[in-house]
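Please view the sequence and structure below before reading on.

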Amino acid sequence: MKPAQASTATASPYAELIDQVRQANLLSSSGSVLGWDLEVMMPSGGLEHRSKQLAQIASMVHEMKTSPRVGELLAACESDASLRADPLSAEAVNLREIRRGYDRATKLPTSLVEELTRTSSMARIEWAKARKASDFKQFKPWLEKIVKLLRDQAACYGWAEGGEVWDALAEDYEPGCTAAQVAAVFKPLRTRLVDLVGRLMASPNKPSNAFNEMKLPLAQQEKFVRFVAERIGFDFNRGRLDVSTHPFCSGSHAGDVRMTTRFHEDNVNDALGSTMHESGHAIYEQNLPAEAFGTPMGDSVSLGIHESQSRLWENQVGRSDAFWKWLHPKLSEYFGDAVSELSRDEVYRSVNNVQPSLIRVEADEATYNLHIMVRFEIERALLSGSMSVDDVPGVWNARYKEYLDVDVPDDRRGCLQDIHWSMASMGYFPTYTLGNLYAAQFFEAATSEIGDLREQFANGEFTNLREWLTRKIHSQGMRYRAADLCEVVTGKPLSSDALLRHLESKLLPVFGLS
Ligand code: CO
């Protein structure tokens, strides 16, 4: 893009506002590249200096976005009714979202921001120690501090009438989403999922893990996943695939999207699933409108919608029978005789195996959502004050028994397994399951508009689906809020129906049931 132009007296308030916001996001996108480098390339000796660089950029970006000039320009633009005449125009959407970000960033007193930063960086360290010792009591005082600070933070933000504390915090991740809406979708999902998983576990005809546990050389695994990523639509001229401990995708611009995956000798399925997942995030970033870079119209809608793109490629595509019709013969091309014994059906059933377990990040496509519900229910109750921090392990273990029928042996594999709460992130977890729900509903809509996609997948053809997603979702930037986007794209509000149809129709046959 062109270098940012200095504002002139003749620029309209709207043009000056967009220019200011763009400059801030140009700087913050430079921080993204440094963040990627920290995870992927940086020698460990660079950590202290890199933390200072990232903190400096974050503070400069914050200053630019909250400068009094931005407030004046916003007010001037808002007094011009023509800019907001059509609420879906680029101008109206940009003003709506810049106002939202400005209000949130200026509502918190500096003392609270500092206290949250200080407490959460300490809490992260104390959480790691408590997890190692598998002792919730060590972490308890820190979680109490965090819940109190998050309640203070939510009080500064405020929430809509009839809403609750959780809503104010979720706004950072899923704008406009409320705990009541989440609970209304989660409830029927839970009932039918618990029933489905129970039926699968009672089946005498379970899939084998032969494919999932097969030892395969890392160099071939890497060639294999690169081939799949490119084929489904990741553009290697506008992005990179590297390796990190925890796979992630970070976009600095549609022309430069960095994603990572990971490899284990005995788990090619993890590398494949992680790569397809991150490719879904990356394809979203690569197809955002580049000309709107740095403005809300060039940005993604929410974490839930972002996750819908990753889950759709990972699950609706990558775990489908038709996809394996295409990919199964390629296995021998990449791995030779090692895989020749495995039939397509065996591989397909293997990648769709379901087994209730203790650890969220290792969970399968179906039970994953039950892990999320436990966390959502607990953080919602902690924030509203209806549950005390003392009760976290007891409630956690009881819900795991009720929803997943597993006994939690210790805190390490129970309520201390995730880092999120120690980082003062509450309101975040449900975006994962919202992603699964949106993915299933978008995929049904794509199928009904494009026609049956199975034959295309079986031929290794993914362009029609990707272009449909770009047209309906990626190219729209933040024009629609997540819930509205869902209605516009699928004609229906978000519900649990499509995800349940997807899971039941696939998994019952995989387990020899119908
Ligand atoms: Co993701």
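Is Arg 104 buried or exposed? Arg 104 is buried, with a relative accessible area of 12%; buried means under 20% relative accessible area, exposed over 50%, and partly exposed in between (1.4 Å probe, protein chains only).

## Basis of the report

This is a predicted model, in which local features need pLDDT of at least 70 and side-chain atom pairs count only at pLDDT 80 or more, while totals for chains, interfaces and linings use all residues. Residues are numbered from 1 along each chain as its sequence is written, and side-chain values use heavy atoms, with hydrogens and water left out.

The structure holds 36 salt bridges, each defined as a side-chain nitrogen of Lys or Arg within 4 Å of a carboxyl oxygen of Asp or Glu. One of them joins the side chains of Arg 104 and Asp 172 (2.9 Å, N to O). Arg 104 belongs to helix α4 (residues 90-107) and Asp 172 to the loop between α7 (165-170) and α8 (179-202), so the pair ties together parts 68 residues apart in sequence. Helices (H or I, at least four residues) are DSSP runs, numbered from the N terminus. Asp 172 is partly exposed, at 43% relative accessibility.

Asp 37 and Arg 50 also meet in a salt bridge through their side chains (2.7 Å, N to O). This pair links helix α1 (residues 13-40), which holds Asp 37, with helix α2 (residues 47-65), which holds Arg 50. Arg 50 is buried, at 11% relative accessible area.

## A bridge within one helix

Glu 126 and Lys 129 form a salt bridge, with their closest N and O atoms 3.2 Å apart. Both lie in helix α5 (residues 110-133), 3 residues apart, and are therefore separated by about one helical turn.

Technical notes. Helices (H or I, at least four residues) and strands (E, at least two) are DSSP runs, numbered from the N terminus.
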